[in-house]
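Please keep the sequence and the 3D view at hand while reading.

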Amino acid sequence: MEKITVIGSGTMGNGIAHLFAQYGYKVALADVSQHALDKAIVTITTNFDRQIKKGTADEAVKQNALGNITTFTNLKEAVNGSGLVIEAATENSEVKLQLFKELSEYCSDDTILATNTSSISITKIASVTKNPENVIGMHFMNPVPVMKLVEVIRGYATTDSVTNTIMRLAEKLDKVPVEVNDYPGFVANRILMPMINEAIYTLYESVAGVYEIDTVMKLGMAHPMGPLQLADFIGLDVCLAILNVLHNGFGNPKYAPCPLLVNMVTAGHKGVKTGEGFYKYTAGSKDLAVAPKFA
């Protein structure tokens, strides 16, 4: 598995490409937009510069890694010769299903097809492919080069061989893989998203403000980041999408997204990516200010 293809050059996609390239793999980074790909390379370069400042990488590692990445806007060309394809596109089931249909046509029968989905059924994704036994979830955490966990999710048809290959691969990347089964939200988001949703309800019901809610969870529960700030970091649209998967998958009202979250996403306030969520984000500033709506 000398060549890896990563589909999607956003936050997760460029992080996954960064990681594999740093560990010596040839990476084909694919996206529909060359502008997005160029932006991803800038982001990867900047993140390597941060690693160099922290002493966790050097200039030679950075240059070698950047040399391992090739960008593509043609999906068929990007997957040619890859032993593993990792999809990191938007958290939208229709987009993912269409991608995996295409991948099933373009890739060889022994190529492992992985998805970085946060919550969408691996079994459902695998069902549109010719070789569902080769489809698996490989859920990295953000930021990918830093966070140790990889949630490895087996679909209904995923073989032991494919699962073991991905578990070993994650270990080669100095990650800690945890094998879980294919149910809505898997483990990470089945536990995390209801907590975030409850924090939003706590704000919605005026129990406390943004700063107060996050401070209670940071200082009282030893969380490194409060749930509202974390929601901004993940992306409020992503949080909403995952909660909808949980709600639809289990049919339990406890997973229903808070109306405040729905309204914020509808209004285009999606967190860090748009510059405003529960907090206001100013380019070049490390100071965190509560968004005017909640101040």
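Helix α12 is followed by Gly 268, whose phi is positive, near 90 degrees. The model is a predicted one, in which local features need pLDDT of at least 70 and side-chain atom pairs count only at pLDDT 80 or more, while totals for chains, interfaces and linings use all residues. Residues are numbered from 1 along each chain as its sequence is written, and side-chain values use heavy atoms, with hydrogens and water left out. Helices (H or I, at least four residues) and strands (E, at least two) are DSSP runs, numbered from the N terminus.

Within α12 (residues 259-266), Leu 260, Leu 261, Met 264 and Val 265 are buried, where buried means under 20% relative accessible area, exposed over 50% and partly exposed in between, with a 1.4 Å probe and protein chains only. These residues cover an arc of only 130 degrees around the axis, which puts them on the same side of α12; the arc is that of the directions from the helix axis to the C-beta atoms. Asn 263 and Thr 266, by contrast, are exposed on the other side of α12. The cover over the buried residues of α12 includes α8 (188-204) and α11.

**Helices α10 and α11**

Helix α10 (residues 227-234) packs against helix α11 (residues 236-250) at an angle of about 95 degrees, and their axes are 5 Å apart. That makes α10 roughly perpendicular to α11, given that angles under 35 degrees count as roughly parallel, over 145 as roughly antiparallel, 65 to 115 as roughly perpendicular and the rest as oblique. The axes are lines fitted to C-alpha atoms, for helices over the stretch in contact, and angles run from 0 to 180 degrees between N-to-C directions. In this packing, Ala 231, Asp 232 and Ile 234 of α10 meet Leu 236, Val 238 and Cys 239 of α11, contact being defined as heavy atoms within 4.5 Å. The residues of the contact of α10 with α11 divide into five nonpolar, no polar and one charged; Ala, Val, Leu, Ile, Met, Phe, Trp, Tyr, Cys and Pro count as nonpolar, Asp, Glu, Lys and Arg as charged, and the others, Gly among them, as polar.

Pro 227, Leu 228, Gln 229, Ala 231 and Asp 232 are buried in α10, and what covers the buried residues of this helix includes α8, α9, α11 and β9 (279-280). Just after α10 comes Gly 235, with a positive phi of about 110 degrees.

**The sheet**

An open sheet of eight strands, with mixed pairing, has the order β3-β2-β1-β4-β5-β6-β7-β8. Strands β3 and β8 (176-181) stand at the edges, each with a single partner strand, so one side of each is left without a neighbour in the sheet. Neighbouring strands of this sheet are turned by 25 degrees against each other on average, direction ignored. Two strands pair if DSSP finds at least two bridges between them. The table sets out two of the pairings.

| Strands | Sense | Bridges | Residues opposite each other |
|---|---|---|---|
| β1 (residues 3-7) and β2 | parallel | five | Thr 5 and Ala 28 |
| β6 (residues 135-140) and β7 (residues 149-154) | antiparallel | five | His 139 and Glu 151 |

Four of the five residues of strand β2 (residues 26-30) are buried, so β2 is largely enclosed by the rest of the structure. Helix α2 (residues 34-54) lies across β2 and β3, running at about 160 degrees to β3. Helix α5 (residues 93-106) also packs on the sheet, touching β1, β4 (84-87), β5 (112-115) and β6, and its direction makes about 170 degrees with that of β5.

Thr 71 has its place in strand β3 (residues 69-72) and, at 27% relative accessibility, counts as partly exposed. Leaving aside its neighbours within four places in sequence, Thr 71 is in contact with Leu 29, Gln 34, Leu 37 and Ile 41.

**Backbone features in the loops**

Most residues other than glycine have a negative phi, and most peptide bonds are trans. The peptide bond from Asn 142 to Pro 143 is cis, with omega near 0 degrees, and Pro 143 lies in the loop between β6 and β7. Phe 186, in the loop between β8 and α8, has a positive phi of about 55 degrees although it is not a glycine, and at 5% relative accessibility Phe 186 counts as buried. Ser 206, in the loop between α8 and α9 (210-221), likewise has a positive phi, of about 60 degrees, without being a glycine, but Ser 206 counts as exposed at 63% relative accessibility.
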